[in-house]
Amino acid sequence: MQMTAGEKEAREVAAKSDTNREIFLPPERQRVKDGGKPHVSAKNFSIFYGDFEAVKKVNADILSKYVTAIIGPSGCGKSTFLRAINRMNDLIPSCYTTGTIMFDGEDIYGRFTDEVQLRKKIGMVFQKPNPFPKSIFDNIAYGPRLHGVNDKKTLEEIVEKSLLKAALWDEVKDRLDRNALGLSGGQQQRLCVARTLAVEPEILLLDEPTSALDPKATAKIEDLIEELRGSYTILIVTHNMQQASRVSDYTMFYYEGDLVEYAPTKQLFTNPRDQVTEDYITGRFS
Amino acid sequence: MSKSTTGSAARSSASSGRVKTIDIVNKGLKSRYRKEKRFRVYGLLSIIASAVFLAFLLSSIVFNGYSAFLQTYIKLDVPVKTGMINEQNPRRSDFQGIIKAAIRDYFPDVTERKDTRELYSIFSSGAAFQLREKVLKNPPEGDTTISLWVPADDDVDMLMKGHMKRDVPESERRLSDKQLRWIEKLETDKRIEKRFNTTFFTAGDSREPELAGIWGAVKGSFYTMIVTLVLSFPIGIAAAVYLEEFAPKNIATDFIEVNINNLAAVPSIVFGLLGLAVFLNFFGMPRSTPLVGGIVLMLMTLPTIIIASRAALKAVPPSIREAALGVGSSKLQVITGHVLPLALPGMLTGTIIGMAQALGETAPLLMIGMVAFIVDIPGGFTDPAAVMPVQIYLWADSPERAFVERTSAAIMVLLAFLVSMNAVAVIMRKRFERRW
């Protein structure tokens, strides 16, 4: 069996990070500069809702600056896993975790980890667009203001930069003072992305970001993910397998709380190793 | 059960050839529409019934009470001569005597002692106060005649308003034939007429209906409500926010929750007993004052505000919390920046309901001495005061016929107070809603 240089590197990375999964980097032309380091790494990481183990002993490294898609049937634990990364599950009283999950070498659930700081670094965009009932400008400026930026000029720069990154600037630049709830669903979702980008996170968690959008808006969000690839580590939960194969470099397949398969997207969709994965991606699922 | 019917329907359709589902639907459709129609009629009927009751209530109050806004006054020319007014201390002059002399001047043919007493009783005892006020304001120089419109006695007032009949035998009315004749003389001289009753809106309570006013009770209610609002709104909201957002879910918080829900249903007089025992007896706060009344009503209002505020907090969509947390807000920032502004309209609604309840409450105030007969208009939170519902209760209890219309008029004032209080709250709520 022949290995490319990238695969070798990935194997080394995997060996160093102590995970039992083999990880492959994508072919050379898709490689991202400075990417591929384990950004988030889970070790025997389980998530419980009371007695129910929603995510079972996951071992995986999320590689930096790549797009990782998480797929799987409803209730398989993919959203739970995603929300665990920035501790959104803390809102659910009965939820607790075992094992460790590290972010940049720091235990996310460690005793001294500050979740506010963590969430600044790990931004999240939700299934349903959820802009604040404020003006477009205030929506974007909200995060930076929280973190102490009050200078009007700096804020204006941040707002413009974030909206440009989220490919929304041209559509809203003349009506920044309008209420964000007046935007269309797709625009609202891009606004949410821009709002998250405004606090300059390192990781972007997208929880089914296009499930409430029409195909046109979905295409825009996908283009946006393509734009951001290489600048941020992106995790996207999706029900749409075409979307996963279009936008992601890696794909995780969850089934009943187990991380069944984690591989480069192309490999997972063309040559899955696991029978369950194959059944799922070919639609032969009962 | 529904399963078995569909099962039998399927079997029967199988036996009688092909019965389409749409036929079954069509068959049931008529009765479904009938049911819906019936339901709508029930709803409409209940609306109409309540509207009729409300209209009846309001019209009977207005019909009984509108005449209280008018009062019969009699014009009296009062000759004031030097020496009548006490030079050193004009306050202590015999104004009653001056008025009586003026009355005797006007009716020179009344001489007998018994008759003069009857004559005097046509006029209200307020006439002397009116004269005193006028004299103290501009002291007369030399001999002058002061022309005054003085209030008539409440019996005369009732006669003028038609509540007392003139053509019944003397023994069946409160005014004698002689008094009627004097009143007729005043009428022919155009010295008696009904005028707008300013006293009702400016005076405190009185044993004389023509001198009684609602203003003391309005101010008492106002001060009491201020105390209630200032205490219950922040405490209620802080408690609701803590219970909803911060409190751990355990037996202690469950216990607190059950108790708050129960407190909302406790008879209000119990809060009065509590106020008597704790605030008056233990803390020694001043009796009959808006301060104590407001605190007792605050206790009564708190559960309402807390329950409504918690419901409003629960109704804030979780997506907003997630959005705010997602960009790195702390818990407090999420609450003050997003949750509270969105929940505020609902909280204000709860506060309106609680305050309206408190405004109409008499039972807890009985216990802390706010049912006393208080003539003075309260000037602050620690002056003895009555509140409007108590005033209404006191007047409804009074035997004089003139208090009947004043009771209804006081109810109108209470309703106006309530409506304006609610209007302020609604305007505030609208403003907060628009901002968001």
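The model is predicted.

**Stop 1: the sheet in chain A**

Start with chain A and show it as a cartoon. Look for an open sheet of 4 strands. Their order is β2-β1-β4-β5, and the pairing is antiparallel. Now find the edges. These are β2 and β5, and each pairs on one side only. To pick out β5, select residues 106–107 of chain A.

Stay with the sheet and select residues 78–85 of chain A. This is helix α2, which packs on the sheet. Helix α2 touches β1, β2 and β4 of chain A. Strand β4 covers residues 95–103. Compare directions next: that of α2 makes about 120° with that of β1(A).

**Stop 2: the hairpin**

Select residues 38–49 of chain A for β1, then residues 52–63 for β2. The two strands pair in the antiparallel sense over 8 bridges. Strands of a sheet pair through backbone hydrogen bonds.

Zoom in on two cross-strand pairs. Select A:S41 and look across to β2(A): its bridge partner there is A:D61. Next, select A:F45. Which residue of β2(A) stands opposite A:F45? Select A:V58 to see that residue.

Now follow the chain to the turn. The hairpin of β1(A) and β2(A) has 2 residues between the strands. Select A:G50, which takes a positive phi near 65° in this hairpin.

**Stop 3: where chain B meets chain A**

Show both chains and color them separately. On the chain B side, 16 residues are in contact with 22 residues of chain A. The area buried between the two chains is about 1,600 Å². Carbon and sulfur atoms give 67% of that area.

How many salt bridges are counted between chain B and chain A? The count is 1. To see a salt bridge, select A:R83 and B:E322. Their closest N and O atoms are 3.0 Å apart.

Finish on the chain B side. Select residues 318–326 for α13 and residues 331–359 for α14. These elements each give two or more residues to the side that touches chain A. The largest share, 7 residues, comes from α13(B). Color this side of chain B by class: it has 7 nonpolar, 7 polar and 2 charged residues.

Notes:
Residues numbered from 1 in each chain as written. Chains lettered and ligands numbered in written order. Predicted model: local features only at pLDDT ≥ 70, side-chain atom pairs only at ≥ 80, totals over all residues. Heavy atoms only, no water. Pairing = 2+ DSSP bridges. Contact = heavy atoms within 4.5 Å. Axes fitted to C-alpha atoms, helices over the stretch in contact; angles between N-to-C directions. Buried area = accessible area lost by both parts, 1.4 Å probe. Salt bridge = Lys/Arg side-chain N within 4 Å of Asp/Glu carboxyl O. Nonpolar A, V, L, I, M, F, W, Y, C, P; charged D, E, K, R; others polar.
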